[in-house]
Structure formats: C-alpha cells, structure tokens
Amino acid sequence: MSFDSGVDAFLVTSLTYTWPGNEEPTLVIDELRLERGQSLLLRGPSGSGKSTFLSAIAGVINVPRGSVAVAGTDLATLRGGARDRFRADHIGLIFQVFNLVPWLSAVDNVLLSCRFSEQRRKRLAGRPEQVARRLLDELGLHDSALLAAPAMSLSVGQQQRVAAARALLGAPELILADEPTSALDDETKASFVDLLRGECAAAGAGLLFVSHDRGLESHFDRVVEFGELNRGAQRC
Amino acid sequence: MLKFGLTSLWNRRFVAALTILATALSVALVLGVERLRSEAKTGFANSASGIDLIVAARGNPVQILLSTVFGVGTTGAGLSWDTFEMVKELPQVAWAVPISMGDNHRGFPVIGTNSEYFEHFRHSGGRSLEFALGGVFADDSQAVIGSELKERFGYGHGTEIVVAHGAGSVSFDVHDEAPFRVAGVLAPTGTAVDRMVFVSLKGFDELHTQREPVEEDPLAGTTDGAGPFPVAAGRARDRVHARANNDTTVDNYAEDHASRPDAAHRKNEHAEHGHEPEIINAIYVGLRNRTAVLSIQWRLSKYQNESLTAVLPNLALLELWSITGTAETALGLMAAAVVLASLVGMVVMLSAALEARRREFGILRSVGASPARIFGLIVLEASLLTAAGLILGYFLLTGVVLLADPILADKFGLRLGSGLPSAKEGVLMLVILLCGVLASLMPAVRVYRMTVADGLTLRI
C-alpha cells in the first residue's frame with residue numbers, strides 16, 4: 001500500500017497491536033483516515049483502547065510497518081529519536097489536564113512547541129512570540145497581563161486554550177486531543193471545541209478529538225464510535 | 001535549554017538557594033583548609049629563614065627546631081660554651097648566636113641570647129627584626145619582649161617582669177628575686193618571636209646561678225679554657241654537661257633545686273671577662289657560603305668533645321610536615337566529607353523534585369524533547385547549582401578572609417590573602433564541579449528511565 005502525503009493527516013490501515021505480555025491484541029482496526037482540515041470525534045468509554053490507539057498514532061508504541069502513517073510518513077520506519085523529532089514537527093498534542101509547565105507564562109508555554117522543532121519554527125509566519133500571541137488572541141486570551149503570568153494562575157479553561165495554541169503553533173498536520181474537555185463545564189466545553197475546530201480548519205490541520213462526552217457530536221465533521229471501529233480485546 | 005533550566009531552577013529558588021548555600025559553605029571550607037594549610041607552611045618556613053644551621057646537643061631535629069625557633073619545649077641537653085666558641089671560629093661560619101632557654105614568663109618562653117640575635121634573625125622572607133619601642137637590652141637586668149606580650153599584658157618600656165622556671169605556663173618556681181625591666185618591644189613578625197622574652201645570657205644564667213648548688217668538686221664551676229677545640233675534655237666539663245641535663249629538665253629541677261644552695265662565686269668570676277655561661281641550649285649559625293652547609297653539618301656530627309646535632313631548618317620542617325601530615329590529611333578528609341555531604345544534598349534535592357516535575361518532563365516530551373534532552377536538563381541544572389555554589393563559596397571565603405586576616409596575622413602570623421584562586425585551588429574547584437556533574441548522573445538516569453517509561457502519558 002502507499003500513503004498519500006498531500007491530503008491525509010493520518011491514515012490507519014490493518015492495524016493490529018498487542019501489548020507485550022498480553023495474549024489478545026488490544027487494537028484490531030481495519031481502516032481509519034483523517035484528512036487535513038477535517039475534524040473527527042472518536043468516542044468511547046475508558047478502557048476501550050483509545051489511549052493505546054492515540055499512542056500508536058503519536059508514535060509512542062511500536063506498530064507494524066505499513067499500518068500507521070502520519071502526514072504521509074510510515075511511523076514504523078522511524079526509530080527512537082527520529083520519531084521524537086517527527087512528532088515535534090508534525091503532531092500537536094493536547095492532554096486532558098496539566099498541559100502547561102506551571103511556572104512558565106502562557107506565551108512561553110506556547111513557544112515550547114517551537115523550541116524542539118526546526119520545521120515548526122520555519123512554518124511560522126512572523127516572529128514566534130507574535131504568532132503565539134495572535135493564536136492566543138484568536139482563542140480568546142487577550143489580557144496581556146494574564147499571558148505574562150505563570151500558567152498556574154490560569155483557570156482550567158484558559159489553560160486548555162493555551163494548550164491548544166501550543167499544539168497549533170507552527171502548523172502541524174495533525175492535532176491529537178485526548179479528552180481535553182473532561183475537566184471543563186458544559187458551556188466552556190462547547191466554546192473550546194468550536195475554537196479548536198475553527199483554528200485547525202484554518203491551519204489545515206486534521207483534528208482527532210478523543211472523548212467519552214455525549215453532546216459534542218454536532219461540532220465535528222465526523223463521529224466514530226471506537227467500540228465499533230476496534231475489534232480488539234476490551235478490558236471492560 | 002539553558003534558559004529553560006534557569007527558569008526551572010528559579011521556580012524552585014528556595015530549595016535551589018539552600019543547595020547552592022550548602023555547596024558554597026563546603027567549597028569555602030575546602031578552600032579555606034587548603035589555604036590555611038599552605039599559609040601555615042609558608043608561615044613556618046618564614047620563621048626559620050636566615051638561619052642556615054641550628055646546633056644543639058644530639059637529639060631529634062624536629063624537637064630542636066620546635067624548641068629553638070618555635071619556643072615549644074626545650075632541647076634535651078645543653079651545649080658547653082666551648083662548643084659555641086668552636087662553632088663560631090669555624091672558617092665557614094659567618095655568625096653564631098647562642099640560645100639558652102627553659103624558663104618562661106607567664107607561659108611565654110624566655111630566651112637567653114646576645115644582641116647579635118636581633119641582627120641575624122630573619123622572618124617572612126628575609127625581613128630582619130625591628131623594634132617598635134626601645135632597643136636591645138643594654139645590661140643583664142633588661143629584657144626585650146615580643147609584640148604579643150605587649151598586646152596581651154600591656155607591657156611597655158620599663159615594665160618589670162618576673163621569670164619562672166620551666167617551659168610550661170604552669171610553673172612551680174618563680175624567680176621573683178630577679179626581675180627584668182623591659183628595654184625594647186619588637187614589632188610584630190607573625191612568628192614565634194612575637195611570643196618570646198629575650199634577656200642576655202648572663203641575665204638568663206643569673207636566674208639560676210643565684211641558686212646554684214655547691215659542687216662536690218670546686219673545679220667543676222670554673223670554665224676550662226676558651227679554645228675552639230679544647231683537646232682535653234676534662235672531667236669538669238663532663239660534670240657541667242651533666243648538670244646542664246638536669247637544669248633544663250623541668251621534672252628534675254624541683255628535686256635538684258632543693259639540694260642546691262646558692263653558689264654566687266661563679267657569677268662574679270664570669271662578670272670579669274664578658275659572660276661565658278657553661279651551658280647554652282642551641283646555636284643559630286649563619287654561613288658565609290650556604291653550599292658548605294652539608295659539610296659543616298657532617299663535621300659537627302663528628303665533633304669529638306660533645307655529641308652534636310646540626311639541624312638544617314628546612315629539612316627539619318619537612319620532617320615536621322611528615323608528622324603533621326596525618327592531621328592535615330584528616331582535616332582535608334573532613335573538608336572532602338563536607339563537600340560530599342553537600343553534593344549528596346544536591347542529589348537529594350534534584351531527586352526529590354523529580355516526582356513533582358514528572359508533568360513538566362511529560363510536557364517537554366510531548367513537544368518533542370527526547371529523553372536525552374531531559375537527561376541533559378538535569379545535568380545542566382546540577383552544573384549550574386554547583387558552579388553557583390563554587391562562585392558563592394569563593395566569595396564567601398574571600399569575605400571571611402578579609403575579615404579574619406588582621407586577626408590571623410596578629411595571633412598566628414598567617415596571612416591568607418585574597419584575590420584570584422591559586423592554581424591548586426582552581427584544580428580543586430574544577431574537581432568539585434566535576435563531582436557535582438557526576439553526582440547529577442544518578443537523578444538524570446532516573447529521569448531518563450522515567451520519561452522513557454512514561455511516554456506521553458501525563459502522570460499526576
């Protein structure tokens with residue numbers, strides 16, 4: 001098979017993954033594709049293998065050749081350090097909570113993603129700090145005093161928006177969001193998802209949004225139930 | 001990465017500051033010990049400069065050096081005046097100064113000598129003695145005192161001082177019937193001279209001759225000729241020698257003293273032809289040509305009439321260092337242990353923070369920092385902490401030295417000096433820095449394993 005580098009944010013085909021020491025495979029997935037600029041909500045209860053699936057796409061676990069490609073590159077062809085660099089260049093990550101280095105300011109937290117990636121720095125339109133501030137501004141963080149303060153003084157909702165800005169800085173092809181809204185209340189949730197989606201679409205990044213929340217379906221281009229996608233062993 | 005490391009440390013500035021302070025204190029201690037050690041050595045070496053040989057009755061060179069130059073204890077036995085004259089007449093000898101000792105004033109050694117002492121003694125790299133007040137003793141009832149006596153007891157010109165027998169500060173026999181008047185006060189030298197009281201040989205002897213016992217053999221009291229090499233080492237001198245042994249030994253004195261009524265006649269005899277004591281303890285010798293020192297030393301060791309030891313002060317000092325070396329090593333080891341403790345403290349600080357920083361490392365990983373970079377971050381932090389500790393420690397030491405220097409110079413004659421670190425101190429500091437970096441490898445390896453195991457999951 002071949003991977004199309006131009007259109008796909010990621011492409012998973014015939015992926016089987018078994019954790020070392022387990023007998024049954026955790027992941028058995030025929031195919032999942034996300035195009036750049038598109039958003040995909042992957043929904044499923046915890047323990048269904050979602051985290052393993054995200055790890056596979058982020059290149060944290062070793063997957064067989066030809067099963068996972070991100071931005072046209074087969075992750076199995078990359079080793080250790082090269083995979084770390086590839087991730088820094090092409091994937092923006094947003095976690096559930098604690099996305100920020102607490103003692104760095106919001107702006108410095110956003111700039112972290114450029115620190116280890118030459119490619120992301122090159123893709124910036126302007127000085128890194130300006131771009132970071134513009135992104136934060138677009139995500140609704142305008143107060144410059146707030147942006148200069150240590151991240152730990154921000155509210156959880158603000159922190160998640162800073163995390164989103166960091167994931168987006170330098171226009172990676174793929175944004176992986178692992179339950180980023182689970183710590184937010186319903187209203188903040190909706191507005192966060194909309195902002196994130198809008199920024200991803202504008203940057204031409206594919207957004208893979210993993211959540212067990214109901215009620216977010218309408219905000220995404222596609223919704224996939226993980227339980228239907230994955231035929232691997234499930235823990236619960 | 002440097003900026004990130006610095007801000008990360010700044011975020012933990014309280015603990016980091018404590019770590020730096022601990023390192024700084026240990027660095028200051030190590031450097032201070034090292035400096036004290038080297039300065040003490042130069043200080044000691046300064047005390048004996050200008051003297052080529054110290055001649056005394058056969059004994060341990062270190063003991064001879066300690067008793068004569070540093071005023072600690074006494075030489076075992078005495079020398080006859082004949083020996084002094086013999087040494088003085090040797091063609092290679094430029095000058096010879098007799099030294100008598102064994103008494104003290106309030107714990108400070110009293111030295112019997114002549115005015116040449118003040119001409120020839122050198123200290124601190126060749127400086128001669130200077131008088132802060134008055135001058136050399138003009139007669140046998142006058143004394144010259146070191147600067148410390150003036151400072152401690154407020155002695156000045158004309159003060160009467162009383163001498164006690166024995167070299168220790170606790171004396172059981174006070175010669176209060178023969179007080180000395182202070183004729184001169186020496187300027188501070190930073191050597192043992194500051195702690196000494198100088199009187200003329202005659203004055204020194206009078207302390208004793210006033211209570212000299214009657215000899216069984218009346219001839220024993222007279223001096224046997226003044227020739228440099230008296231061929232007939234008569235029975236009389238042997239007896240004199242034997243008495244000298246007693247005289248300079250504190251233990252024996254009280255006992256001897258009881259059995260010795262006054263023998264004043266001797267004093268009168270000597271007064272007639274310049275004072276020639278039977279017994280002196282040592283001779284400071286200066287040579288015309290220092291290359292002759294070994295041949296003179298050998299020649300004196302073969303001297304027939306008396307068993308002599310001629311001490312090269314510098315060699316004896318080396319021997320002294322080999323003795324004090326153990327204490328120095330112990331001191332050095334202690335200082336090293338303190339450094340070790342402070343480095344362990346740093347490792348503890350870095351390790352304790354690892355769990356709390358797991359999130360920080362996870363975030364760094366997620367934005368593309370490899371485990372190796374995070375490993376490097378920990379090592380960098382340790383290097384920064386150690387370097388800061390070194391710099392602070394050095395300034396701390398400099399500050400302490402600036403404060404303590406006048407006091408140390410005064411009390412012990414040690415001048416530590418400040419300014420740039422010496423080569424040895426530089427090496428020492430480099431070694432400490434290296435140890436700091438090595439010590440950080442332990443938490444760094446842990447963090448490496450942790451970040452690899454954690455992957456991109458963020459643990460709380």
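Predicted model: local features only at pLDDT ≥ 70, side-chain atom pairs only at ≥ 80, totals over all residues.
**View 1. The open sheet of chain A.** Four strands make up this open sheet, and their order is β2-β1-β4-β5. The pairing within the sheet is antiparallel. At the edges lie β2 (27-35) and β5 (73-74) of chain A, each of which pairs on one side only.

**View 2**

**View 3. The contact between chain A and chain B.** Chain A contributes 20 residues to this contact, and chain B contributes 14 residues. On the side of chain A that touches chain B, the elements giving two or more residues are α1 (50-58), α2 (80-90) and α3 (106-115). The largest share of that side, five residues, is supplied by α2(A). By residue class, the side of chain A that touches chain B comprises eleven nonpolar, five polar and four charged residues.

**View 4. The fold of chain B.** Chain B contains 15 helices and 14 strands. Of the 460 residues in chain B, 41% are buried. Among the contacts in chain B with a separation of 6 or more, 79% are between residues 24 or more positions apart.

Key
Residues numbered from 1 in each chain as written. Chains lettered and ligands numbered in written order. Contact = placed C-beta atoms within 7 Å. Nonpolar A, V, L, I, M, F, W, Y, C, P; charged D, E, K, R; others polar. Buried ≥ 20, exposed ≤ 12 C-beta atoms within 10 Å, placed from the backbone. Pairing = 2+ DSSP bridges.
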